[in-house]
Amino acid sequence: MVDITYNENEDGSGVLSLTGELVLANVDDIKNALLSAIGSTNNLRLNIIDVIDIDLSCIQLLCAAHRFAIRQKKQLSFDLQPHELLREAVRVTGVARHKGCILDVNDSCLWLRDWS
């Protein structure tokens, strides 16, 4: 099960909080929440907390959401230090990057950071 909440801040930015299981079985719910939140604000921050499990499908979905946000001329970033399970998943899957994708002209890639 995944718990998803969206809050808009006074400055117009939004925070999408994801807790629980960020796995293939919940990808549709997470995708719909990401699309809705990106549509609601120009600056969306992800708060990934109290994660029980995370798999590659969610990591790929977050990457796709970031690319979508860039195409919409919007920002998508992490609100807080990502949860340790996400950090471990990024390390294990090898998605951590030193340079973002071709769309990432502002070095805003979610995976550009020290994941150790």
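Glu-88 is partly exposed, with a relative accessible area of 35%; here buried means under 20% relative accessible area, exposed over 50% and partly exposed in between (1.4 Å probe, protein chains only). This is a predicted model, in which local features need pLDDT of at least 70, side-chain atom pairs count only at pLDDT 80 or more, and totals for chains, interfaces and linings use all residues. Residues are numbered from 1 along each chain as its sequence is written, and side-chain values use heavy atoms, with hydrogens and water left out.

A salt bridge is a side-chain nitrogen of Lys or Arg within 4 Å of a carboxyl oxygen of Asp or Glu. By this rule the model has 4 salt bridges, among them the following.

| Pair | Closest N to O |
|---|---|
| Asp-79 and Arg-45 | 2.8 Å |
| Glu-88 and Arg-91 | 2.7 Å |

Asp-79 lies in the loop between strand 4 and helix 3 and Arg-45 in strand 3, so this pair ties together parts 34 residues apart in sequence. Helices (H or I, at least four residues) and strands (E, at least two) are DSSP runs, numbered from the N terminus. Asp-79 is partly exposed, at 26% relative accessible area.

Helix 3 holds both Glu-84 and Arg-87, 3 residues apart, about one turn of the helix. Glu-88 and Arg-91 have that spacing too, 3 residues apart in helix 3. Glu-84 is partly exposed at 44% and Arg-91 at 33%, whereas Arg-87 is buried at 11%. Salt bridges link Glu-84, Arg-87, Glu-88 and Arg-91 in a network.
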